[in-house]
Amino acid sequence: DFAAAGDLANPIIRVTDGLNLLYRVRTVEGIETLTFDTLGGDDTLRVLGQNNGAAVNNDQVIFNAGSGDDTLVLDNSNGLLTQASGINYHGGLGRDQLVLTGTTAVTSADYFVGPDNGDGQIVHRLGLAAQTVTFSGLEPAVDLVAATTATVHATNAANAINFSESDLDPVAGKISIDGFEPYHFENKENLVINAGAGSDEINLNYQNAGQPAPTGLTGTITVNGGDPTDPDKLIVNSRISGGFEGLIVTPTAQGVGTVDSTLAGVPTVNYNTIEEIQLVGQLADGDSFGVDGTAGDDVLRYVSGSAPDTGLVTGTMNGNTFTAPAVGFSGMGQTATVRLNNFGNQGGSDTVVYHGTEVIDNVVITPGALINTHGGANFTNLETGTPSSASAAGTTSTVVVRTFGGHDTVTV
């Protein structure tokens, strides 16, 4: 903490060049700005936080990376680094990285991208204490500190936002936004993605076969689309697991709802101000999906796609008080059942509309099995192999089948 004295075994600052120790700083007092400049070689600067809770009295720390592959490690094991003007890390010509680590858990971790590629800011908060790291010209930014919630903030432009496994460590998560520096993280209980203004596309595609989510992500994922006048699209991918997975969309208000998985340990996705959802299944795993209704009167429309595993579901929900996001789908298995209005939220007097294709359709409607104490009506297109769909008979008062071009057959 630059005000408290360390000792030889536990210095406040440790600087190494590769495996060679260059120097250690045991005590720094009464200095407003402390700047480190590295030259050639692969240098590592490791800075500890507070030592036994002693007050910090310097204003900022500046680390200027050199021509090598340099690393700044901020260790909060003894407390946060709470300089008033923060820590500033400027990357050089090499592959420079920032690593946030330590045993002090924080309440929140916020990652802000920009303004340029390789630039950003990470803020950790614990009570009234805040540790702010502003960086430029970096390659990886790695955050290993335990936090209740990690929030990633995109820009107000139209962003492509991707959530996947980290290429540095597959048990970690990675958020990438356009060409900005990706945020690699572990030990975050909840994840929030703020897409900001602009028409954004948020792709959730964590695919580590060994675990359903990054280490420590045991809560939820929240996606905030931003300005509702700019349409935002949420893409949710099922896991490449070798087994069945179902994705369940539950709209609750205009642009608001959840996406759940039938696989244990996969976080619930909460979405806000989202206009379009795309569900991507694994055809080889026989995946499927469902869209639930509300306690009021719902109209759900199932539209067959150009290929048997594709299509679209739209809905007018809860007595025409809001519309559900358009739910497109692909990669859904032919032997699975797409379930509509069949997950426990049924109510009112509902309508299910089944749209065939522009070619020959052979639609068969049969009684469905009891699901969640409700009977079902199953729709199967024998001509195209479109997946079956089920609707809850307990509240579905009207079933509509629409066929278009071609010589069609409907059997009830």
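Rings of Phe, Tyr and Trp (its six-membered ring) pair if their centres lie within 6.5 Å; planes under 30 degrees apart count as stacked, over 60 as edge-to-face and the rest as tilted. By that rule, this structure has nine aromatic pairs.

Before you start clicking: this is a predicted model, where local features need pLDDT of at least 70, side-chain atom pairs count only at pLDDT 80 or more, and totals for chains, interfaces and linings use all residues. Residues are numbered from 1 along each chain as its sequence is written, and side-chain values use heavy atoms, with hydrogens and water left out.

**Stop 1: Tyr111 and Phe135.** Select these two. Their ring centres are 6.3 Å apart with the planes at 10°, so the pair is stacked. Tyr111 sits in strand E9 (residues 106-113) and Phe135 in strand E11 (residues 129-136), 24 residues apart; strands (E, at least two residues) are DSSP runs, numbered from the N terminus. Both residues are buried, meaning under 20% relative accessible area (1.4 Å probe, protein chains only).

**Stop 2: strand E5.** Select residues 60-64, where four of the five residues are buried. Show strand E3 (residues 33-37) too: E3 and E5 pair in the parallel sense over five bridges, pairing being called when DSSP finds at least two bridges between two strands. Look for Thr33 opposite Gln60 in E5. Then bring in strand E7 (residues 87-90), which runs parallel to E5 and is joined to it by four bridges. There, Phe63 stands opposite Tyr89.

Notes: Buried < 20%, exposed > 50% of the residue type's maximum accessible area, 1.4 Å probe, protein only.
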